[in-house]
Amino acid sequence: MAHINENRDALLGRIKRIAGQVGAVERALGGNANCTEVLHLVAAVRGAVNGLLDEIIVEHLEAHVARDGLSPEERQQGAEDLVTIIRRYNK
């Protein structure tokens, strides 16, 4: 996926921030933080992961569904791949 390669540094930066947020959840649980604090941290992780997913979905749509020059079969495959991922995510 060349389109991911073009944005690799930004995506890796997001992943590192998410890893830091997950580490904060771990530290909060290990340090006996109250449940409200842990819930806020977990909600932040979820938001960050959702943002990452959104960005990659947009990149996928642009590269594999909406890009000029794609064959109907390529567009169909790109759409089917995306539907599979969205269904898996929503389980």
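The structure is a predicted model, with an average pLDDT of 93 over the protein. A pLDDT of at least 70 is reached by 97% of the residues.

**Confidence by element**
- Among the elements of the protein, H2 has the highest mean pLDDT, at 96.
- The lowest mean pLDDT, 70, belongs to helix H1, residues 2–6.
- Where pLDDT is low, the predicted coordinates should not be read in detail.

**The loop between H2 and H3**
- Asn32 lies in the loop between helix H2 (8–30) and H3.
- The phi of Asn32 is near 60°, a positive value in a residue other than glycine.
- Most residues other than glycine have a negative phi.
- Asn32 counts as exposed because its relative accessibility is 69%, and the cut-off for exposed is over 50%.

**Helix H3: start and span**
- At the start of H3, Asn34 places a side-chain oxygen within 3.0 Å of the backbone nitrogen of Thr36.
- Helix H3 comprises 30 residues (35–64), so at 1.5 Å a residue it should span 44 Å. The C-alpha atoms at its ends are 42 Å apart, which agrees with that expectation.

- The buried residues in H3 are Val38, Val45, Ala48, Leu52, Ile57, Glu59, His60 and Ala63.
- Glu37 is also located in helix H3; with a relative accessibility of 41%, Glu37 counts as partly exposed.
- Glu37 and Asp9 are 28 residues apart along the chain, and their C-alpha atoms are separated by 30 Å.

Methods: Residues numbered from 1 in each chain as written. Predicted model: local features only at pLDDT ≥ 70, side-chain atom pairs only at ≥ 80, totals over all residues. Heavy atoms only, no water. Helix = DSSP H or I, 4+ residues; strand = E, 2+ residues; numbered from the N terminus. Expected span 1.5 Å × (residues − 1). Buried < 20%, exposed > 50% of the residue type's maximum accessible area, 1.4 Å probe, protein only. Polar contact = N/O pair within 3.5 Å; in protein donor to acceptor, adjacent residues only side chain to side chain. pLDDT = per-residue confidence, 0-100.
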